[in-house]
Amino acid sequence: MLDIENPNELLKELREKFLRLHNRFLAVAMDYKYYINTNISDNEIYKLRDNVIFRLQSARFHFELLLQHHNYIEYNIKEIHTAQLPSLNGGIELQMYQMQATEEIYSLFDSLIYHLCSNFDYLFRLINFIHGETELAQPKWNLFKSDKNIKKNIYCSKELIDALDILDQKFVYPLIKHRSFLIHNEHAVGGHQIFLNDLKTRFLATETLINHFPELTFEFGEEKMSISFVAKWLIDKTFETITEVLFEVRDDIIRNQKQVQPIFFSLGPNNTMQSTSVYYWGERTHI
């Protein structure tokens, strides 16, 4: 079964990824202020940026909760299995606890899905604001491919439509599709497996979940996957996709820059002015 082998190392890696992505959100705001709007009293870009960062942090927090609660459940199951009282050793109380624990794990996973999806709605609000043609009151990610936007580019630029469409088909649409299934169809609770030699407990990814993400099967074949493993994969894909969106937004800002005199800048080669964001972007391939 595909599972997370070293949770502590994984969480350390996740914090490092989050810091890099956080810096790139800072860089987007810097580029907006350098190329588009230098009004020092206009703080809307920072509010929108911070909203996305908060939602991303919420997703990361729920992933950590999922891992922590899994450890807590595993500890309790081991305690019950090794208890001296026969009524606890494999009896009705153990079965009831396992049922409750399974529902709790999948509830946390569902919350993670909701936060990951919200990231992209918040992100499109940031994109829409930077584009500046028609500001939406309640932006949603999939509005980038609405007929009105495709014909008139009022929510984001044509170049961004093409770039976002590729990322949408690859990851965001399957993610939103799974969220929609959980909200409108039924809750998805998978099974669990206890390994008798060491009493490790693993909760399995549901068939519905795996079917909603064809790339999972493409990458890992027909192997069974734990829900923690899939959660980690979803977090990684979210970070990867948002990173691509931010670099596309950076290119779009530069492509559509206004004639402004920047207030904040750094000196580049030959004392030329450049955006201070150059110190925050990092390498595009470094997620």
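Buried residues, meaning those under 20% relative accessible area with a 1.4 Å probe and protein chains only, make up 50% of the 287 residues in the chain. This is a predicted model, in which local features need pLDDT of at least 70 and side-chain atom pairs count only at pLDDT 80 or more, while totals for chains, interfaces and linings use all residues. Residues are numbered from 1 along each chain as its sequence is written, and side-chain values use heavy atoms, with hydrogens and water left out.

Next, select residues 158-184, which form helix H5, together with residues 227-255, which form helix H8; their axes come within 10 Å and cross at roughly 170°. The axes are lines fitted to C-alpha atoms over the stretch in contact, and angles run from 0 to 180 degrees between N-to-C directions. Since angles over 145 degrees count as roughly antiparallel, H5 and H8 are therefore roughly antiparallel to each other.

Now show side chains where the two helices are in contact, that is, with heavy atoms within 4.5 Å: Leu160, Leu164 and Phe171 are among the H5 residues, and Trp233, Leu234 and Val245 are among those of H8.

Finally, select Ala29, Met30, Lys33, Tyr46 and Phe264, which of the 14 lining residues are the closest to the centre of the second largest pocket. Helix H1 (7-35) and helix H2 (44-81) each supply at least two residues of this lining, and H1 gives the most, with five residues.

How values were computed
Helix = DSSP H or I, 4+ residues; strand = E, 2+ residues; numbered from the N terminus. Parallel < 35°, antiparallel > 145°, perpendicular 65-115°, else oblique. 1 Å grid on protein atoms, 1.4 Å probe; cavity = no way out; pocket = protein on both sides within 12 Å on 5 of 7 lines; lining within 4 Å.
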